[in-house]
Amino acid sequence: MPFVNFLTASRMDGSSSGKWLCLVVCVLTLLKTEGASIPLTIVQTAAARGAVCLDGSPPGYHFERGSGSGIDSWLVHMEGGGWCESVESCVSRRDTYKGSSSKMEKTMGFSGILGSKQAANPDFYNWNRIKIRYCDGSSFTGDVAAVDPKTKLYFRGERIWQAVVDDLLAKGMKNARNAILSGCSAGGLAAILHCDKFRSLLPASARVKCVSDAGYFIHGTDISGGSRIESFFGQVVRTHGSAKNLPASCTSKMRPELCFFPQYVAQTMRTPLFVINSAYDSWQIKNILAPTAVDSKKEWKNCKLDLKKCSATQLQTVQNYRTQFLKAVNIGLGTSSRGLWINSCYAHCQSGSVSTWLADKSPVVGNAKMGKAVGDWFYDRSAFEKIDCPYPCNPTCVSVDSES
């Protein structure tokens, strides 16, 4: 029975009103302490510096304060949600929650890496935990000063990132002892692209690391033998004016659009990075390996929905993509400070869910769940670099496909 109806029925059958009032108060208190209703904070001062969403509205984030031993520790997580690569696609995005803070939900619950329960998130549950909302469509990299009066589109992702981080620094992050910049999908890519910059803004004495979940998009070859993803990322970079905001250590050596690929950026990163990813990332299989544009006969339609429906030939192509992915990981990441938790589940974004982060039935790689692996790596309790066996070997896989 729904909660509201339950209370209504209780009043109708003559139960004690005092008893039910106590129940209401207890439930609401529980929801608050577990972070089920964290309000949206709008950065009103951002507009003055042109740090605005696609529609010109100011950016926002959800923030749950730390407590106890976590009072000086900060986890800043960036929301995912794809990209818009052209004026047309950005216009279609502009009037949604992915392009306007006025369309975002006013409250949000946290779970997984952002969760507030000690049992489910023992290393980070009492940190200051923030989720930056994603409303620019460029992984927080764009900056075009001019605004077309016809479309009224603002390409200001980099300014948004800086404005939000400045707001957090002023709220106490400038004194952080521990900090993580993380994200999922497009936000996971942003965590890589902004990692060293984030480190530079915090005290030299602080322990600062980055975690990318489902953000290690590879410069892969698709089923036609080409690379549609290279063309797509190139359009994103040009539309949003991102080139000047991508890591100079990469753009000084190669074309800017290639510096949207983690395998080229991570080579020169100075800040430790942990990569959570599936070697069979469902977004990458659908959009890098077999994008609709090169599958005119829709032969891959069923396979992309469920790997169990792939033909033997298609499954071999998928296995070859895993080989491409692992090669890109090894090329991009050094071995001294990296962390790897690469599973074989057909999934996308796994750190934001309580069911996949550190629950009883969460996926396991190398006898470790991702929440335990990330915590051990962050606190230097133990290194973690584990790559799962090939699909379909892992019985602990949980179906996750989101851009949280």
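Helices (H or I, at least four residues) and strands (E, at least two) are DSSP runs, numbered from the N terminus.

## Model and confidence

This is a predicted model, in which local features need pLDDT of at least 70 and side-chain atom pairs count only at pLDDT 80 or more, while totals for chains, interfaces and linings use all residues. Residues are numbered from 1 along each chain as its sequence is written, and side-chain values use heavy atoms, with hydrogens and water left out.

The protein chain has an average pLDDT (the predictor's confidence in each residue, from 0 to 100) of 91, and 89% of the residues score at least 70. Where pLDDT is low, the predicted coordinates should not be read in detail.

## Helix H10

Helix H10 spans residues 282–289 and is largely enclosed by the rest of the structure, because six of its eight residues are buried (under 20% relative accessible area, 1.4 Å probe, protein chains only; exposed is over 50%, partly exposed in between). These are Ser282, Trp283, Gln284, Ile285, Ile288 and Leu289. They pack against helices H7 (228–240), H11 (301–305) and H12 (312–332), and against strand S8 (273–278), with contact meaning heavy atoms within 4.5 Å.

At the N-terminal end, H10 is capped by aspartate 281, which places a side-chain oxygen 2.9 Å from the backbone nitrogen of tryptophan 283.

Terms used
A polar contact is a pair of N or O atoms within 3.5 Å; within protein, one must be able to donate a hydrogen and the other to accept it, and residues adjacent in sequence count only if both atoms are side-chain atoms.
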